[in-house]
Amino acid sequence: MISRNVCLGMFKGPVQYKLWKEMKNFISPAPAVLSLDPQTAHPWLQLSDDLTSVMVGSSRQPVSDSPARFDVCVSVLAKEGFVGGTHYWEVEVRHKTKWDLGVAFESINRKGDIALNPENGYLVLSLSNSNQCCALTSAAPTLLPLTEPLNRIGIHLDYEGGQLSFYNASNLSHLYTFTETFTERVFPFFCPCLNDTGDNGAPLSIRAPH
């Protein structure tokens with residue numbers, strides 16, 4: 001018997017958006033149009049003028065502190081939050097050696113060191129050391145085997161279905177699905193991570209599916 005996780009997480013998103021890529025004028029919902037929210041961005045983050053890319057800059061931005069802004073975790077949220085429906089977006093991660101991506105609940109703590117896990121309101125996939133990918137699950141990270149480099153990540157939110165699924169957007173192969181009861185607005189979450197090793201300077205970029 002196929003479990004609910006496998007049935008929805010592995011097949012619902014990919015089938016829908018494989019069709020969307022071929023028949024995008026006829027598939028609903030269309031992929032989400034997202035932009036980054038400067039009011040939430042860590043002061044060292046540099047956002048592109050069109051608010052679709054983020055990277056760690058070379059200097060602190062002249063921004064004021066507020067409850068909405070991350071002050072330790074080099075992260076930013078999308079302006080658009082979701083309280084229902086199904087939504088899909090893709091993020092370019094090419095040439096990056098580490099990153100964190102997913103969603104965050106509206107009520108999350110954005111100050112100080114943050115453990116990015118479901119208990120704290122974060123459903124996040126993480127890459128480190130170029131090829132070590134894991135889902136930041138509750139008890140301990142769940143290591144995910146990779147058979148090829150990840151250049152673009154697809155993220156599919158099924159709010160009423162209680163699932164957040166991640167895919168290798170190059171072929172829409174399933175990476176991981178979180179199951180959660182969503183009870184408040186959730187926002188797409190982006191963390192380009194530091195470039196302390198000198199090889200992680202590329203941005204995270206929101207892209208239209210191609």
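This is a predicted model: local features need pLDDT of at least 70, side-chain atom pairs count only at pLDDT 80 or more; totals for chains, interfaces and linings use all residues.

Q: Which residue does the side chain of Arg94 meet in a salt bridge?
A: Glu92, at 2.9 Å from N to O. Glu92 has 11% relative accessibility, so this residue counts as buried.

Q: Which other residue forms a salt bridge with Glu92?
A: Arg152 does, with the closest N and O atoms 3.0 Å apart. The pair joins distant parts of the chain: Arg152 sits in strand β9 (residues 152-158) and Glu92 in strand β4 (residues 86-92), 60 residues apart.

Q: Are Arg152 and Glu92 buried or exposed?
A: Both are buried.

Q: Which residues are linked in the network of salt bridges?
A: Glu90, Glu92, Arg94 and Arg152.

Q: How many salt bridges does a search of the whole structure find?
A: The search gives 5. One of them joins the side chains of Asp65 and Lys111, at 2.7 Å from N to O. Asp65 lies in the loop between β2 (53-56) and β3 (76-77), and Lys111 in the loop between β5 (99-105) and β6 (122-128), so this pair ties together parts 46 residues apart in sequence.

Q: How accessible are Asp65 and Lys111?
A: Asp65 is exposed, at 58% relative accessible area. Lys111 is partly exposed, at 24%.

Q: Now the rings. How many aromatic pairs does a search of the whole structure find?
A: There are 7 aromatic pairs. Take Phe105 and Phe182: the ring centres are 6.0 Å apart and the planes stand at 35°, so the pair is tilted. The cut-offs matter here: stacked needs planes under 30 degrees apart, and edge-to-face needs over 60.

Q: Where in the chain do Phe105 and Phe182 lie?
A: Phe105 is in strand β5, and Phe182 is in the loop between β11 (173-179) and β12 (186-191). They are 77 residues apart, so read this pair as a link between distant parts of the chain.

Q: Are Phe105 and Phe182 buried or exposed?
A: Phe105 is buried, with a relative accessible area of 7%. Phe182 is buried too, at 8%.

Q: Which residues form one aromatic cluster?
A: Phe70, Tyr122 and Phe189.

Q: Next, pockets. What does rolling a probe over the atoms show?
A: With a probe the size of a water molecule, it shows where empty space is left. Here, the largest pocket holds about 190 Å³ of space.

Q: Which residues line the largest pocket?
A: The lining includes Val72, Cys73, Val74, Asp100, Ile114, Ala115 and Leu116. Leu136, Cys191, Cys193 and Leu194 also belong to the lining. By class, the lining has 10 nonpolar, no polar and 1 charged residues.

Q: That list has cysteines. What is a disulfide?
A: A covalent bond between the sulfur atoms of two cysteines. In this model the count is 0 disulfides.

Conventions:
Residues are numbered from 1 along each chain as its sequence is written. Side-chain values use heavy atoms; hydrogens and water are left out. A salt bridge is a side-chain nitrogen of Lys or Arg within 4 Å of a carboxyl oxygen of Asp or Glu. Helices (H or I, at least four residues) and strands (E, at least two) are DSSP runs, numbered from the N terminus. Buried means under 20% relative accessible area, exposed over 50%, partly exposed in between (1.4 Å probe, protein chains only). Rings of Phe, Tyr and Trp (its six-membered ring) pair if their centres lie within 6.5 Å; planes under 30 degrees apart count as stacked, over 60 as edge-to-face and the rest as tilted. On a 1 Å grid over the protein atoms alone, a cavity is a set of points where a 1.4 Å probe fits but cannot get out, and a pocket is an open set with protein on both sides within 12 Å along at least five of seven lines; lining residues have an atom within 4 Å of a point. Grid points are joined across faces, edges and corners, and a volume is the space filled by probe spheres set on the points. Ala, Val, Leu, Ile, Met, Phe, Trp, Tyr, Cys and Pro count as nonpolar, Asp, Glu, Lys and Arg as charged, and the others, Gly among them, as polar. A disulfide is a pair of cysteine sulfur atoms within 2.5 Å.
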